[in-house]
Amino acid sequence: MSVLRLAEKLLEALVAALLFALVAMVFVNVMLRFFMNSGIVVTEELSRIVLSILILSGAVLALIQQRHIAMTLVVDRLPKAGKKVIVALTGAIMLYGNYLLAKGAWMQATLNFSSSYPISGLPMATIYVVATLAGAALALVVAVRMVLILSGRMEPETFFQAASADIAE
């Protein structure tokens, strides 16, 4: 198993574990509030943190597995050279967006390292550090695909494959 496949499987396991934790926390808290008129206060903060990490991890996993929605109506009709130009343009835009995500999240993390959530005591920078890592991971995936496509080792169509292709089949 390659390192990339192992990373993908670990990310899948992380997303599954986070989803389970989120559902368990919310379910237990709802049951406690309904039957006992009380709840676990820390789950309010933890569920927010877990949801944020789940979303960021899921975005990275969706990009790796090419599960994002794509509009390929124009790109499908272009010749191979045109597709490579579009790969370079859209890849550059995606890299810039990922750079902004990582840079902005890191700026927020540095501002929040000294702050803690009031109930759990976790650093408020937790979500921002994860967002920084997600931005870097997203940029890495896009950059690797761009290099492979522009060097001719991968077909340009693979850059634009997405969930829409799976639904159509």
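**Helix packing and salt bridges in a predicted model**

E12 and K9 sit three residues apart in helix α1, so about one helical turn separates them, and I start with this pair because helices here are DSSP runs of H or I with at least four residues, numbered from the N terminus. Residues are numbered from 1 along each chain as its sequence is written, and side-chain values use heavy atoms, with hydrogens and water left out.

The side chains of E12 and K9 meet in a salt bridge at 3.6 Å, N to O, where a salt bridge is a side-chain nitrogen of Lys or Arg within 4 Å of a carboxyl oxygen of Asp or Glu. E12 is partly exposed at 27% relative accessible area, and K9 is partly exposed as well, at 43%; by the rule used here, buried means under 20%, exposed means over 50%, and partly exposed lies in between, with a 1.4 Å probe and protein chains only.

Which helices does the pair E157 and K83 tie together? Their side chains meet in a salt bridge at 2.7 Å, N to O, and since E157 lies in helix α5 (residues 157-160) and K83 in helix α3 (residues 80-112), the pair ties together parts that are 74 residues apart in sequence. E157 is partly exposed at 31% relative accessibility, while K83 is buried at 8%.

Turning to packing, helix α1 (residues 3-36) and helix α2 (residues 42-64) pack at an angle of about 150 degrees, with their axes 9 Å apart; axes are lines fitted to C-alpha atoms, for helices over the stretch in contact, and angles run from 0 to 180 degrees between N-to-C directions. That makes α1 roughly antiparallel to α2, a label given to angles over 145 degrees. By class, the contact of α1 with α2 has 15 nonpolar, five polar and four charged residues, with Asp, Glu, Lys and Arg counted as charged, Ala, Val, Leu, Ile, Met, Phe, Trp, Tyr, Cys and Pro as nonpolar, and the others, Gly among them, as polar.

Key: This is a predicted model: local features need pLDDT of at least 70, side-chain atom pairs count only at pLDDT 80 or more; totals for chains, interfaces and linings use all residues. Helices (H or I, at least four residues) and strands (E, at least two) are DSSP runs, numbered from the N terminus. Angles under 35 degrees count as roughly parallel, over 145 as roughly antiparallel, 65 to 115 as roughly perpendicular and the rest as oblique.
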